[in-house]
Amino acid sequence: MYRQNIGQIGRQLGLIIALTTSAFSAHAQAVFPTGTIRFVAPNTGGTPPDIISRIIAKELSESEQWRTIVENRPGGITTIAANDVLTHPADGHNLLSMSVPAVAAPALVPAISYDFESDFEPVIKATVSYNVLVVNPSVPAASVAELVALLKSQPDKLTFSSGGFGTPAHLIGEQFKLQTGTRAQHVPYAQFPQAIGDLLNGTNAFMFVTMLPVVDLIKTGKLRALAVTGPKRVAALPDVPTIVEAGFPSLVVEDWVGFAVRRGTAKDTVAQLNEAINRALQKPAVREAFAKLGAEPVGGSPEAFGELVKSQVQHWKTVVADAGIKAQ
């Protein structure tokens with residue numbers, strides 16, 4: 001009898017411990033976030049990575065009831081924002097908004113103080129978009145092939161613009177030159193509108209640019225679109241061929257946005273962030289807002305985004321080295 005009671009008591013205690021442990025684990029997961037989640041954007045306000053960060057932050061605040069903010073920390077080819085995130089605890093409350101310049105920074109900034117593999121934990125690839133190659137209407141080129149022929153006939157005579165050193169417009173332009181064997185001068189601008197302005201007035205000949213600022217300029221004939229850098233045509237510019245259709249499949253280049261946190265962040269926290277953003281990406285309002293930017297939602301696992309970051313760091317390192325780009 002005594003042994004039976006002891007056994008029953010033991011089983012009851014085991015059940016109580018198991019239930020308590022389960023409840024504690026559930027509570028431990030539920031307490032994240034304990035404060036405001038901050039998206040740190042390495043871009044100025046109104047740029048696609050900034051807008052995408054704000055769309056997702058707003059959705060998380062509404063659907064997850066999380067307090068969110070977006071803070072802009074431009075400069076240093078995204079290194080100012082990255083270092084900002086690394087000054088905060090590894091608790092998932094500070095996310096670095098990443099795009100192409102972030103993964104090019106290790107090749108462009110000689111004294112970079114961090115490493116993506118050892119210092120950051122990937123969370124998710126949020127969106128993908130493609131740039132469009134546009135020329136001033138005065139440029140005698142109606143196709144990519146004609147632009148390449150023109151550049152080869154006048155090496156270093158024509159110029160292409162960008163919104164700054166290390167931006168996608170700059171990097172894609174350099175890759176274009178490498179893979180077509182052409183030469184043209186890069187003209188970086190401190191402000192993106194200035195780059196567009198000097199393209200419109202004919203100071204510069206061509207530019208690889210995000211969709212949103214130029215769709216109307218293309219439709220009204222103020223700029224001529226030669227190709228989009230994606231593998232398929234985009235809804236915003238259905239009559240513009242892809243770079244593949246134009247005969248240059250090696251020039252397919254993604255412009256993407258993703259998020260990472262400081263390495264050491266708990267895996268459960270990374271998983272919560274990943275799952276919440278994946279849910280946000282499925283919301284019709286979010287997808288519609290992205291479409292206006294020429295962007296598509298992606299989503300997926302932290303591991304998949306980590307592989308992308310790793311491959312992109314190596315890709316742009318090769319482009320920067322082969323193009324002989326020097327830090328400014």
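Which residues lie nearest the centre of the largest pocket? They are N43, T47, G163, T167 and P168, among the 44 residues that line it.

## Basis

This is a predicted model: local features need pLDDT of at least 70, side-chain atom pairs count only at pLDDT 80 or more, and totals for chains, interfaces and linings use all residues. Residues are numbered from 1 along each chain as its sequence is written, and side-chain values use heavy atoms, without hydrogens and water.

## Largest pocket

The largest pocket holds about 930 Å³ of space. A pocket is an open set of points on a 1 Å grid over the protein atoms alone, where a 1.4 Å probe fits, with protein on both sides within 12 Å along at least five of seven lines; lining residues have an atom within 4 Å of a point. Volume is the space filled by probe spheres set on the points.

Elements giving at least two lining residues each include α2 (48-63), α7 (168-180) and β10 (255-262). Helices (H or I, at least four residues) and strands (E, at least two) are DSSP runs, numbered from the N terminus. The lining has 25 nonpolar, 18 polar and one charged residues. Ala, Val, Leu, Ile, Met, Phe, Trp, Tyr, Cys and Pro count as nonpolar, Asp, Glu, Lys and Arg as charged, and the others, Gly among them, as polar.

## Second largest pocket

The second largest pocket has a volume of about 550 Å³. Its lining comprises 26 residues, with E117, F120, P122, R263 and G306 closest to the centre. α12 gives the most, nine residues. By class, 15 are nonpolar, three polar and eight charged.

## Helix pair α2 and α11

α2 and α11 (residues 284-293) pack at about 170°, with axes 10 Å apart. Axes are lines fitted to C-alpha atoms, for helices over the stretch in contact, and angles run from 0 to 180 degrees between N-to-C directions. The two helices are therefore roughly antiparallel (over 145 degrees).

I51, I52, I55, I56 and E59 of α2 meet V286, A289, F290 and L293 of α11; contact means heavy atoms within 4.5 Å. Eight of these residues are nonpolar, none polar and one charged.

## Sheet

Six strands form an open, mixed sheet, ordered β2-β1-β3-β10-β4-β11. Strands pair if DSSP finds at least two bridges between them. β2 (68-72) and β11 (295-297) are the edges, each with a single partner, so one side of each lacks a neighbour in the sheet. The twist averages 30° from one strand to the next.

Three bridges join β3 (residues 94-98) to β10, and the two run antiparallel. L96 has A260 in β10 as its bridge partner.

Conventions:
Angles under 35 degrees count as roughly parallel, over 145 as roughly antiparallel, 65 to 115 as roughly perpendicular and the rest as oblique.
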